[in-house]
Amino acid sequence: MVDRNGWDGEVPVSDASPRRPPESFVAQANVADEAVHEKFADEWPACWERAAALLDWDEPYDTVLEDDDAPFYRWFTGGRLNAAYNCLDRHVEGGRKNHAAIRWEGKRGESTTYTYRELYVEVNELAASLRELGVEADDVVTIYLPMIPELPTAMLACARIGAPHSVVFAGLSADALATRMDAADSEYLVTCDGYYRRGDAFNQKGKADNALLELDQDVTTVVVDRLGEELPHVLGASEYDYHDLLDAHRGETVDPVSRAAEDMLFLMYTSGTTGRPKGVVHATGGYLSYAAWTSHAVLDVKPEDTYWCAADIGWITGHSYIVYGPLALGTTTLLYEGTPDYPDRNRLWEIIERNAVDVFYTAPTAIRAFMKWGEEYPDRHDLSSLRLLGTVGEPINPRAWEWYHEHVGGGECPIVDTWWQTETGGIAISTLPGVDDMKPGAAGPALPGVDARVVDGAGEAVDPEEAGYLALARPWPGMLRTLYEGDDRFVDEYWRRLSDPDADEWRYFTGDAARVDEDGYVTVLGRVDDVINVSGHRLSTMEVESAIVEVEGVAEAAVVGATGGSDGTDTGIFAYVSTERDADAAAIREAIHEAIEDAIGPIARPEEVVFTPELPKTRSGKIMRRLLADVTNGEELGDTSALRNPEIVGELQAAIREE
Ligand code: WT7
């Protein structure tokens, strides 16, 4: 047993035999050298020069890796570069100015294309505008936008002037935005009036306004007018209209600011084991090299492709694989504003068909939804342009893998099951589609140059097929450099647990449990910390619980992940709540939903709120979340003798059966 609260059971193993990627794919793959794993191992860390070589550097680096201050690793030191230059200028200068950079598909069926030159022009105008508003290098600019082209434009404008961006997912609440802006001391915000949610106009600026009320610092805000007449808004002091700013700076260019490789490119908040979100810091040179290399080697992105990652840019997947990786490689990246089932369930397949998409990358939870809807939707469309499929965010069960392979990939496309995290910056475990066999259900081997191991609590490798902690035993260029809150928390969260500092052995703790087979293929089993992964979104149990206990009448609360769904794979949240006496359960349930929506956003909405007179606790008073998870998921219960109140377990089981 490896965990505190999380994984503790068996995960189905695929009995399917390994699949060879089709020869036709291998023949054209960006990386098809069978010896690539061995070469990276032999040449480590110099192997990572291949990644850095995908970029243009203002100054060449003199050292690939500095590791004398582990775990504060430094990559490509001495080198200087600009991320926006690498994503735009060099393609414009290189004769590809009229090539499509972004194809945008709006929620209401509208679509637009930005060529590299058009994107370059707008990024420059916005960069000039931000400068005029006072943004300087190293000022954190918060971006709170839905999936519209202004979002990547704002990111690149920040990168151009050396201002780290902190993108906050548009669906998060005002409170969540305020917490993140406060933590980052961010005095600039780019947001919009509103956007369409399933066809209805939704007021985003109202949320942003509420967030700013909670902040001590003065904030200068840029507002994109997305809805026009449909949602009129008035700009106050320190608020500027995005398009007015562009007009005022028409045709201006801003020299890209040359950044040291280790300078911060962006900050991304993610959930950890405590209620306070963690500000993950990514560095310019290592991150961009890694995003570009993994897009090239794993996602097989080519400049002439139309490539679609159907994630949201508000999360790391969108940063690395909608914006930075694909644009660094000069491809056409598709940006989709909507949801898969609006206006109907043909939407994604219709977009793939109309745009002749080559590579499609999505999450298992989406694939399982497509399965439920039925194969008639993809089958109705010509998806033969597809060459490669990818998944990310959670384990993909073999049945969903097979369905994706058959009904989306036409039985021809290899699938890459890519394991990574906000902190890793890019894919760390996956097959290389031009090199490695696929095993449905297992993510694959570590990427060349990445050292993934499954270890016990002391950091020692466990035997093949045995469960343990997933650790990365060598640094990699895309790794986070620290947490914005400070180096101590960085060391505590990721390095203390499995490392042996005296022996100078550092192992990065991923927070996941996994097992590895004889061939080195890793099967990820899930989180072992107090983080719940809901449809690819990371939530901390404490974040949700703190919102619940704020509700009047609530005495205590504990939340756990529930694996439901027809095949026992999709995760939702179950909240167990005890109330004060004489409380009105129905009213409290309603208030809990509202409180969670206010504190975090609709993504954290619990599937069930279960009332209980008491929560199961150890004699020392610690809530037994693991037991609650077992009750929720109908698992056999382990030893309950450590409980102070074992009688509560039977009551909870009965309550769950009724739900
Ligand atoms: C957690 C990271 C960067 C991806 C988007 C989520 C889980 C991610 C897989 C996979 C099994 C996966 C892990 C990881 N996860 N990819 N292919 N197979 N689990 O980023 O929010 O930082 O979450 O997502 O539990 O730790 P994130």
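The paragraphs below go through the domains, the sheets and the salt bridges of this structure.

The model is predicted, so local features need pLDDT of at least 70 and side-chain atom pairs count only at pLDDT 80 or more, while totals for chains, interfaces and linings use all residues. Residues are numbered from 1 along each chain as its sequence is written, and side-chain values use heavy atoms, with hydrogens and water left out.

The protein chain is assigned domain 1 (23–80 + 266–524), domain 2 (83–257) and domain 3 (530–658). These bounds come from an automatic or database domain assignment.

Between the C-alpha centres of domain 2 and domain 3 the distance is 38 Å. Nine residues of domain 2 touch eight residues of domain 3, where contact means heavy atoms within 4.5 Å. The two domains bury about 490 Å² between them, with 51% of it on carbon and sulfur atoms. Buried area is the accessible area (1.4 Å probe) that two parts lose on being put together, summed over both. F169, L172 and S173 supply 52% of the area that domain 2 buries against domain 3, more than any other three residues.

The interface of domain 2 and domain 3 also holds one salt bridge, that is, a side-chain nitrogen of Lys or Arg within 4 Å of a carboxyl oxygen of Asp or Glu. E543 and R180 meet through their side chains in a salt bridge, at 4.0 Å from N to O. Helix α7 (residues 174–183) gives the largest share of the side of domain 2 that touches domain 3, four residues. Helices (H or I, at least four residues) and strands (E, at least two) are DSSP runs, numbered from the N terminus.

Next come the sheets. Eight strands make an open sheet of mixed pairing, in the order β12-β11-β8-β6-β7-β14-β15-β23. Two strands pair if DSSP finds at least two bridges between them. At the edges are β12 (239–241) and β23 (482–483), each pairing on one side only. Strand β11 (residues 220–224) runs parallel to β12, with three bridges between them, and V222 is opposite Y240 in β12. Helix α10 (residues 284–297) packs on this sheet, touching β14 (264–270) and β15 (278–283), and its direction makes about 80° with that of β15. For such angles, axes are lines fitted to C-alpha atoms, for helices over the stretch in contact, and the angles run from 0 to 180 degrees between N-to-C directions.

Another open sheet has four strands in the order β21-β22-β24-β25, with antiparallel pairing. Its edge strands, β21 (452–455) and β25 (522–527), each have a single partner strand, so one side of each is left without a neighbour in the sheet. Neighbouring strands of this sheet are turned by 45° against each other on average, direction ignored. Four bridges link β21 to the antiparallel strand β22 (residues 468–472), and A452 is opposite L472 in β22.

Strands β9 (residues 194–197) and β10 (residues 200–203) run antiparallel and are joined by four bridges. They form a hairpin with two residues between them, and R198 in the turn has a positive phi of about 45°. R197 is opposite D200 in β10.

Over the whole structure, the search finds 42 salt bridges. One of them pairs R90 with D56, whose closest N and O atoms are 3.5 Å apart. R90 lies in helix α4 (residues 83–96) and D56 in the loop between α3 (49–52) and β1 (63–66), so the pair ties together parts that are 34 residues apart in sequence.
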